[in-house]
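Keep the structure open while you read.

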Amino acid sequence: MTISRLNIRSVRNLSSVSITPSTRINIFSGPNGSGKTSVLEAIHLLGLARSFRTSKVRHLIAAGDPAATVQGKVDSLAQGVEQTLGVERNLEGQTRVRFAGSDIDLASLAELVPLQVIDSATFDLLDGSPSIRRQFIDWGVFHADKAFIQLWRGFRRVLKQRNTLLKCGKIGHQMRAAWDHEFVGFAEQITRLRQEYLQLLTPEFEQIVEKLLPGQSLSLGFSPGWDLKKPLDELLATNFERDLRQGFTSAGPQRADLRVKVDGHTAAERLSRGQKKLAVSALKLAQGALFHRMTGRPCIYLIDDLPSELDATHCQLFCEFVEQMASQCFITCVDSRALSYQWQPNTDVLHYSINDGSVTPL
C-alpha cells in the first residue's frame, strides 16, 4: 500500500495542501503548531475516516469550514495500479468514503489502507488500559482472518444484550443459559484467533527487539479474559450472582489483555521512557512486518516526533530498521537535524518544511 498523491483540505490549519510523497521515507519538520502532525492526521483520516488525536470531528475540521476532505491516489494492492480514494467528514458527523468511483463502508476502508501509528499515545500499549492492547491485537486478527469481523460483531451484540439483562435484573435461568451458549460460542472462536495471531507475532517482535533494544529480554503473554483451566460456561454460571449485582459480565474476551514483560516483570514498571518508546515501536513494527509477510502488502507508517524520548544512537537504530522495511513512512520532527541519519543512496527520501499550515519541499 502506497500513496502517490495526497490532497488535504480543511484539516485543522491545513487549508489546502497537495503533496506528491516518496514511496519510502517522507520527513516533515517545523515548529510546534505548524501542522506537521496534522499531515499525519489527514493520512489517518484517509485510511480510517477518523483522527488518531481526537474523537470530536469539530476539532479536526478547520475553523469556519463545514467539512474536512482528504483525497489520495493509492496503490492499495501494491501491484502498481493506482486508484482514487477520498474521505470527507462534516460538522454534522456524516462520513463519505469513495474508492475508484464507488462508495464503500468503513470496514472496507480499514482493509484497504493498513496504517500503523507511532506517537505519544502509543505508550498506552504499555501504560494504558487493557482495551488499548485488545484493539492492537484485534487490528492484526482483523487483517489476518476475514471471518473475525463478523465474529467480533456477533460477540459484541451478545455481550451488550447479556449486560442489558443483567443491569435490568431480568434474566432467568433459561434465558441466561441461551445467551451464555451464544456468548461462549463467539468467545471461544475469538480467543482462538487472537492466540493464533499472537503466536505469529511473537517471533517478529523478538527479532525487532533484538535490533532496537539489544540486551533487553522482552516477552509477550496473553490473558484471554478468564482462566482457561475452567470451561467458560461453568465460569459464567458460577459468576452469575456477582454479575447480576454488578450489572455486567465479568469474564470473557472483552477482558482479554496483552502482557509485555521484561525478565518476568511488567515492562511498564521496568523500562525507561526511551526504552518504552522503542518497545511499543517494536510492537507496531512487528505488526506491520507480519501483515506484509501474510498479505504481500506493506503498511503505511505514521511516526510523530520520532526524535522525542530517543537519544541519537537509538534514533539512528530506528532509522536503520525503518530503511530496511519496504513500507512508506511519514515522519515528523521539530528540527530536521535531529534526523541526520545518512540514508542509503537508493532510499527515496523527501524532506518537507511546514510553517503555519504551508508545506514546502526542501
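## Terms and model

In the residue classes used here, Ala, Val, Leu, Ile, Met, Phe, Trp, Tyr, Cys and Pro count as nonpolar, Asp, Glu, Lys and Arg as charged, and the others, Gly among them, as polar. This is a predicted model, where local features need pLDDT of at least 70, side-chain atom pairs count only at pLDDT 80 or more, and totals for chains, interfaces and linings use all residues. Residues are numbered from 1 along each chain as its sequence is written, and side-chain values use heavy atoms, leaving out hydrogens and water.

## The second largest pocket

A pocket is an open set of points on a 1 Å grid over the protein atoms alone, where a 1.4 Å probe fits, with protein on both sides within 12 Å along at least five of seven lines; lining residues have an atom within 4 Å of a point. The second largest pocket has 21 lining residues, with Asn32, Thr37, Asp304, Asp305 and Thr332 nearest its centre. By class, this lining holds 3 nonpolar, 9 polar and 9 charged residues.

Helices (H or I, at least four residues) and strands (E, at least two) are DSSP runs, numbered from the N terminus. For the second largest pocket, α1 supplies the largest share of the lining, 3 residues.

## The largest pocket

Turn now to the largest pocket, lined by 47 residues; Leu48, Arg50, Gln135, Phe136 and Trp139 lie nearest its centre. Helix α5 (residues 130-144) gives the most to this lining, 9 residues. The classes here are 23 nonpolar, 12 polar and 12 charged.
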